[in-house]
Amino acid sequence: MEKAEKSLERLMNGYRTFRNVTQNPADISPERRASLAGGQNPFAVVLSCSDSRVAPEMIFSAGPGDLFVVRVAGNVLDDHQLGSIEYAVDHLGAPLVVVLGHTHCGAVHAAIHQDPDGHIRYLTDCIREAIGDTTDEHEASRKNVRYAVDLLREHLKDRTDVKVTGMMYDIEDSNLEVIEDILWE
């Protein structure tokens, strides 16, 4: 419990800093945050892994209101994530949906090398469906992104005003790759 208390303290200290910060690559000023009280107009939706090393707002230098981020371990797409994405596209007008995978993904690793119990199994089963018998973790992560992109494209096929693409973030060198062969033009 002490570890959780320290984590909470760290979060709250971070929050206090956030409340007072006025400079950042993105506009995170108190004025910007206050301007969002009436609503949001994100320019993109990002389906991303919950991995703490992969923060879409930081990766894309985005501020409050810029991105509608949906995070789940392994960037798995199910009805809950799909509902969130639909909301952002249909009600908030987001014209771009990005599936952001990454290297060294623990959920992908678990899907390949482990047989977990509990609710984690739901995630690994979804990832296994996406990657088939692939055992190379980098290629499996790419296939997992492609799978979610394909599902989203099928679901949004009548929405000509929305684009869906996949990207891979490399945790080691911070490079971001737009997966060209799945870019929807």
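Mentor: First, a term. A helix here is a DSSP run of H or I with at least four residues, a strand is a run of E with at least two, and both are numbered from the N terminus. Keep in mind that this is a predicted model.

Our part is α6. This helix has 12 residues. From its first C-alpha to its last, α6 reaches 17 Å, close to the 16 Å expected at 1.5 Å a residue. Now look at what follows the helix. Gly132 comes after α6, and its phi is positive, near 60 degrees.

Next, which residues of α6 are buried? They are Leu123, Thr124, Cys126, Ile127, Ala130 and Ile131. Buried means under 20% relative accessible area. Around the axis, these residues cover an arc of only 155 degrees, so they sit on the same side of α6. What do they pack against? Their partners are α5 and α7.

Now step back to the core. The largest nonpolar core has 36 residues. Val45, Leu47, Ile85, Val97 and Leu152 have the most contacts inside it. α6 (120-131) is one of the elements that each supply at least two residues of this core; α5 (106-113) and α7 (137-155) are also among them. Take Val45 as an example. Beyond its neighbours within four places in sequence, Val45 touches residues including Phe68, Ile85, Ala88 and Val97. Another core lies apart, with 10 residues, among them Val46, Val98, Leu100 and Ile171.

Follow the strands next. Five of them form an open sheet in the order β2-β1-β3-β4-β5, with mixed pairing. β2 and β5 (176-178) are the edge strands, each pairing on one side only. From one strand to the next, the twist averages 25 degrees. Within the sheet, β3 and β4 pair in the parallel sense over 7 bridges. Gly101 stands opposite Met168 in β4.

α4 lies across β1, β2 and β3, at about 175 degrees to β2. α7 packs on the sheet as well, touching β1, β3, β4 and β5. The direction of α7 makes about 165 degrees with that of β4. That brings us back to our part: α7 is one of the helices that the buried residues of α6 pack against.

Note on methods
Residues are numbered from 1 along each chain as its sequence is written. This is a predicted model: local features need pLDDT of at least 70, side-chain atom pairs count only at pLDDT 80 or more; totals for chains, interfaces and linings use all residues. Side-chain values use heavy atoms; hydrogens and water are left out. A nonpolar core is a set of buried Ala, Val, Leu, Ile, Met, Phe, Trp, Tyr and Cys residues joined through side-chain atoms within 4.5 Å. Buried means under 20% relative accessible area, exposed over 50%, partly exposed in between (1.4 Å probe, protein chains only). Contact means heavy atoms within 4.5 Å. The expected span of a helix is 1.5 Å times one less than its number of residues. The arc is that of the directions from the helix axis to the C-beta atoms. Two strands pair if DSSP finds at least two bridges between them. Axes are lines fitted to C-alpha atoms, for helices over the stretch in contact, and angles run from 0 to 180 degrees between N-to-C directions.
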